[in-house]
Amino acid sequence: MSVDGDIFKGTFLNNMKTGCGTNKKTDGTIQQGLWRENKKQGLFQTTYSNGTKFCVNYVDDKEDGEPREGKCTRPNNCIE
């Protein structure tokens, strides 16, 4: 569990999220995708506590383009 209460299921390297993982925030939001040195990279499946899903692309932890409602359709080994 992180200091902000988030729960990360994945790999840490030098105390940083690295590789495929799932992050559950305290508000129930779940983000699933690839982390590199604690930064989100590539496609992430975001599921809100009400079940609504969005596919978001990240570059160096910043959203790149508009989020799309629904499941991610492009292949990504980190998203189930």
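**Group meeting: strands and disulfides**

Okay, let's start inside the sheet pairing: Trp 35 in β3 is the bridge partner of Gly 19. Before I go on, this is a predicted model, so to speak of local features we need pLDDT of at least 70, side-chain atom pairs count only at pLDDT 80 or more, and totals for chains, interfaces and linings use all residues. Residues are numbered from 1 along each chain as its sequence is written, and side-chain values use heavy atoms, with hydrogens and water left out.

A word on terms. Strands here are DSSP runs (E, at least two residues), numbered from the N terminus, and two strands pair if DSSP finds at least two bridges between them.

So, back to β3, which covers residues 30-36 and runs antiparallel to β2, with six bridges joining the two. Their hairpin has five residues between the strands, and Gly 28 there takes a positive phi near 95 degrees.

What about the other partner of β2? That's β1, residues 7-13, also antiparallel to β2 over six bridges. In that pairing, Gly 10 stands opposite Gly 21. This hairpin has two residues between its strands, and Asn 14 in the turn has a positive phi of about 55 degrees.

Now the cysteines. A disulfide is a covalent bond between the sulfur atoms of two cysteines; the cut-off used is a pair of cysteine sulfur atoms within 2.5 Å. How many disulfides does that rule give? The count is two.

One of them joins Cys 20 to Cys 78, with the sulfurs 2.0 Å apart. The link of Cys 20 and Cys 78 is left-handed, at -60 degrees about the S-S bond. It ties together distant parts of the chain: Cys 20 sits in strand β2 (residues 16-24), Cys 78 in the segment after β7 (68-69), and they are 58 residues apart.

Are these two buried or exposed? For the words, buried means under 20% relative accessible area, exposed over 50%, and partly exposed in between, using a 1.4 Å probe and protein chains only. Cys 20 is partly exposed at 39%, while Cys 78 is buried at 10%.

Next, Cys 55 and Cys 72, joined with an S to S distance of 2.2 Å. This pair also links distant parts of the chain: Cys 55 lies in strand β5 (residues 53-59) and Cys 72 in the segment after β7, 17 residues apart. The Cys 55 and Cys 72 link is right-handed, with 110 degrees about the S-S bond, and both cysteines are buried.

Note on methods
Helices (H or I, at least four residues) and strands (E, at least two) are DSSP runs, numbered from the N terminus.
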